[in-house]
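This briefing is meant to be read alongside the sequence and the model, and it is arranged by topic.

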Amino acid sequence: MKSKNDIVMVSAVRTPFSKFESVMKDIPSIDLGVMVMKEVIARVGVKPEEVEEINYGTCVLPEVALELDVPARQASLLAGFPAENISLTMDRACCSSLTALRLGVLAIRAGEVETAMSVGSDNMSRTPHMAPGLRWAKRLGHIRLVDPLFELGYTAKGFRPLAVDAGEVALEYAVTREMQDAWAAMSHERYTKADGEGKFKIGEELMPVVIPQKKGEPIVVEKDESPRRTSIEALAKLKPVYGSPTVTPGNAPPLSAGSSAILFMTRKKAEERGLKPLATIVATLPTATAPRYIASIPGITIQKILAKAGLKIDDMKIIEINEAFAAMPLVSTKILADGDEKKWKGLQDRTNVNGGAIAIGHPVGASAGRITMTLAYELRRRGGGYGVASICGGLAQGEGVILKVD
Ligand SMILES: CC(C)(COP(=O)(O)OP(=O)(O)OC[C@H]1O[C@@H](n2cnc3c(N)ncnc32)[C@H](O)[C@@H]1OP(=O)(O)O)[C@@H](O)C(=O)NCCC(=O)NCCS
């Protein structure tokens, strides 16, 4: 039953996701954020002053620190939003842009605002090396540089690399290296097929990134840069990273740059403005579990959010589970299948139907927004229905969203 109080997405856009060493490597993540923030309102003719709250997720903090702090505030001013606009920067690791959406939903439900925007942005390629202690420069001795991207974990505080936790827990669930490589190959194949069918054309999910050059024409990035031709044989030859039993550069997503933004409001407001909803936001939910079980948190999140919404996994036409590694969709769908092998296969067929982060890339703070809009656009192509998206974040945090397209 539709209600005027429903919260509906009315616009959703992202940049193409870049490769690690690409033409996008020098663009500050704040600037990538500005691009999607302008585009997401321009597409539907909403004025900056109509957006009352902007929540902005980012999680490569050393890169953001190159512009000091409060990226949400900087980006909203640079994008032309009024000085009175309320914005918030948040870091819930890879969950961040769905956390940003959830907080906007809560603000609307609380009656504080009618229109909100969630943004996610990161440029991993631009992450600087850090030189701790340099301020009090050594009288004698070497200066140590720290690479915040190395080992993908929180090892400085005694936690283990994510690749180790995810790989070990995958094996506990009998999700083998071979299965993870097969999933990775499938991610590239599905993306290539979907792209061939025009699902990643500019004007829907994607907007171009225009990079002015000192001389000559600007460079225009219109495509995700990471999808590649691959094979199970080539994937099998790759060595695991960071001591993981199974995670390799082939069944992990690449390091990426990119941003995503979603504009949402009450159905009442959308109707007043004459805007056609892309999807109704049925439920949102944060979760967390023990850090070691990061590969299972999307599955746990989907179980919990379905219970909250009074729905079943079989009600979901399609599913998005972020491919932090191939282990995540495999372990999580296995949890959802609850020991039923046939059901597990069926869930895999409905999960990440256009490919996932392994092919597309994973600019960490932007990916949760990406899977949410991918879900909405694909549900529309399939004539509507329910879908669920879930993502894991550092040290086994989770975030989920259920959408309905009429
Ligand atoms: C895994 C990771 C460390 C690999 O980094 P990298 O070594 O710079 O990766 P590369 O792209 O250079 O790949 C390494 C090799 O594997 C090869 N390779 C990667 N994907 C491949 C594929 N699908 N098929 C065949 N070969 C592949 C590359 O060609 C490269 O080969 P080369 O050394 O002969 O050139 C890095 O991508 C990473 O950190 N990813 C995860 C990001 C992350 O943290 N996400 C968040 C998780 S919550």
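In which loop does Leu-68 lie? In this predicted model, Leu-68 is found in the loop between α2 (61–64) and α3 (71–78).

**Positive phi outside glycine**

- Leu-68 has a phi near 75 degrees, a positive value in a residue other than glycine, and with 8 other C-beta atoms within 10 Å it is exposed.
- Asn-352, which is not a glycine either, has a positive phi of about 55 degrees and is placed in the loop between α11 and α12 (357–360).
- Asn-352 has 29 C-beta neighbours inside 10 Å and therefore counts as buried, the threshold being 20 or more.

**The sheet**

- Nine strands make up an open sheet of mixed pairing, in the order β3-β2-β4-β7-β1-β8-β11-β10-β9.
- At the edges stand β3 (86–90) and β9 (316–321), each of which has a single partner strand, so that one side of each is left without a neighbour in the sheet.
- On average, and with direction ignored, neighbouring strands of this sheet are turned by 25 degrees against each other.
- The edge strand β9 runs parallel to β10 (residues 385–393) and is joined to it by five bridges; Ile-318 has Gly-387 in β10 as its bridge partner.

**Helix α13 against the sheet**

- Helix α13 packs on the sheet, where it touches β1 (7–14), β4 (115–123), β7 (257–266), β8 (279–288), β9, β10 and β11 (397–405), and its direction makes about 165 degrees with that of β10.
- Just after α13, Gly-383 takes a positive phi of about 85 degrees.

**Helices α10 and α11**

- Helix α10 (residues 327–337) packs with helix α11 (residues 341–349) at an angle of about 130 degrees, and their axes are 8 Å apart.
- That angle makes α10 oblique to α11, and the crossing of α10 and α11 is right-handed.
- The contact is made by Thr-333, Lys-334, Leu-336 and Ala-337 on the α10 side and by Lys-343, Trp-344, Leu-347 and Gln-348 on the α11 side.

Notes. Residues numbered from 1 in each chain as written. Predicted model: local features only at pLDDT ≥ 70, side-chain atom pairs only at ≥ 80, totals over all residues. Helix = DSSP H or I, 4+ residues; strand = E, 2+ residues; numbered from the N terminus. Pairing = 2+ DSSP bridges. Axes fitted to C-alpha atoms, helices over the stretch in contact; angles between N-to-C directions. Contact = placed C-beta atoms within 7 Å. Parallel < 35°, antiparallel > 145°, perpendicular 65-115°, else oblique. Left-handed = near helix turned anticlockwise from the far one by under 90°. Buried ≥ 20, exposed ≤ 12 C-beta atoms within 10 Å, placed from the backbone.
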